[in-house]
Amino acid sequence: MTWVEAIVLGIVQGLTEFLPVSSSGHLRITSAIFFDRDAGASFTAVTQLGTEAAVLIYFAKDIWRITRTWLVGIRDRSVRASLDYRMGWYVIVGSIPIGLFGFLFKDQIRETARNLWVVATTLIVFAFVLAFAEYWGRQTRTLENFRMRDGVVMGFAQAMALIPGVSRSGGTLTAGLLLNLTREAAARYSFLLAIPAVVMSGIFSIGDVFEPAAPGTSVPSVAQMVVATVIAFAIGYAAIAWLLRYVAHHTLYVFVLYRVALGTLVLALLLTGTISAT
């Protein structure tokens, strides 16, 4: 991996991780178009540690309050009706699907699912699913109305993002809207839900990132990996604040149009032989 590649991919990760456009899909597409190779699923997972560090800092007070209340609630029944205690369980249970599917389909995620035909198709298909959710969802429920069923449904939606192009935030926002949550409520739970899965995935991928998963995969040095992750953290932190403000006052249709346009572009490049699918 070159330094330009590491820096560009770090920027892309930071810009796209929290938007409903698929950061893993963007890293795959950027690598193919500009560098004619794939940085690999492990590189994506490790750079996500940077963006999740941004989540941990941005939501530090909320995370500390939820964690403390959940621990107290294990032995004290009086706090179990509180939203913070329940949210602790919602995040734990909602994280199970992505952990299970990630473990069972690790090889397919690192290889087959990164085919650009798959990435482009999922970008377009799930754009229309997101558009339907934006149109259909009544957005009448806040986090105060959140229930375990919502956590499970959004957990399975997050698991679909193991396929590049689906988008973790896009999947959870879509599920949240279909459950009639407000965009802001769905986004906040989405941020919290990502922490266990993304952090564990990144940690377990550190050893793999320095070994090519397939011929043609670029391999970063330790320094390049650190720099890409730090860049992703800095840009990701700013992206969190922007997204929360944006979804509070705007629809998600701009992301739908962007996904369709990008997916169509990738399909055109594949059909003309400009880029390779693998």
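Start by selecting F18, R168, S169, L173, A187, S190, F191 and L243: together they line the second largest cavity. A cavity here is a set of points, on a 1 Å grid over the protein atoms alone, where a 1.4 Å probe fits but cannot get out, and lining residues have an atom within 4 Å of a point. Two helices, α9 (168-178) and α10, each give two or more residues to this lining. Helices (H or I, at least four residues) are DSSP runs, numbered from the N terminus.

Before moving on, a word on what you're looking at. This is a predicted model, where local features need pLDDT of at least 70 and side-chain atom pairs count only at pLDDT 80 or more, while totals for chains, interfaces and linings use all residues. Residues are numbered from 1 along each chain as its sequence is written, and side-chain values use heavy atoms, with hydrogens and water left out.

**Still at the cavity**

How much space lies in the second largest cavity? About 30 Å³, where a volume is the space filled by probe spheres set on the grid points, which are joined across faces, edges and corners. Color the lining by class and you get five nonpolar residues, two polar and one charged. For that coloring, Ala, Val, Leu, Ile, Met, Phe, Trp, Tyr, Cys and Pro count as nonpolar, Asp, Glu, Lys and Arg as charged, and the others, Gly among them, as polar. The structure holds two cavities of 30 Å³ or more.

**Next stop: the largest pocket**

Now go for A45, G102, L162, S201 and S205. The largest pocket has about 810 Å³ of space, and of the 33 residues that line it, these five are the closest to its centre: A45, G102, L162, S201 and S205. A pocket is an open set of points with protein on both sides within 12 Å along at least five of seven lines. Show α2 (23-35), α3 (41-58), α5 (83-104), α6 (106-110), α9 and α10 to see the elements that give two or more residues to the lining. Which element gives the largest share? That's α10, with seven residues. By class, the lining splits into 14 nonpolar, 13 polar and six charged residues.

**Along to the salt bridges**

Side chains of opposite charge can pair when their charged atoms come close. A salt bridge here is a side-chain nitrogen of Lys or Arg within 4 Å of a carboxyl oxygen of Asp or Glu, and the whole structure has 12 of them.

Pick R188 and E184 in helix α10, where they sit four residues apart, about one turn of the helix. Their side chains meet in a salt bridge at 3.8 Å, N to O. R188 is partly exposed at 27% relative accessible area, and E184 is partly exposed at 32%. For these labels, buried means under 20% relative accessible area, exposed over 50%, and partly exposed in between (1.4 Å probe, protein chains only).

Zoom in on R65 and D62, which both lie in helix α4 (residues 60-75), three residues apart. Their closest N and O atoms are 3.0 Å apart.

For another pair, select K106 and D208, which form a salt bridge at 3.3 Å, N to O. K106 lies in helix α6 and D208 in the loop between α10 and α11, so this pair ties together parts that are 102 residues apart in sequence.

**Out to the surface**

Select M200, I203, F204, I206, F210, V222, V226 and V230 and show the surface: they form a nonpolar patch with about 740 Å² of accessible area together. The helices that give two or more residues to this patch are α10 (183-205) and α11 (222-249). Patch members have over 30% relative accessible area and no salt bridge, and nonpolar side chains (Val, Leu, Ile, Met, Phe, Trp, Tyr) are joined within 5 Å. Areas come from the Shrake-Rupley method with a 1.4 Å probe.

**Last stop: two loops**

Is S167 buried or exposed? At 2% relative accessibility, S167 counts as buried. S167 lies in the loop between α8 (148-159) and α9, and has a positive phi of about 90° although it is not a glycine.

Finish at D36, in the loop between α2 and α3. D36 also isn't a glycine, yet has a positive phi of about 55°, and at 65% relative accessibility D36 counts as exposed.

Conventions
Patches are made of residues with over 30% relative accessible area and no salt bridge: like charges are joined within 9 Å, nonpolar side chains (Val, Leu, Ile, Met, Phe, Trp, Tyr) within 5 Å.
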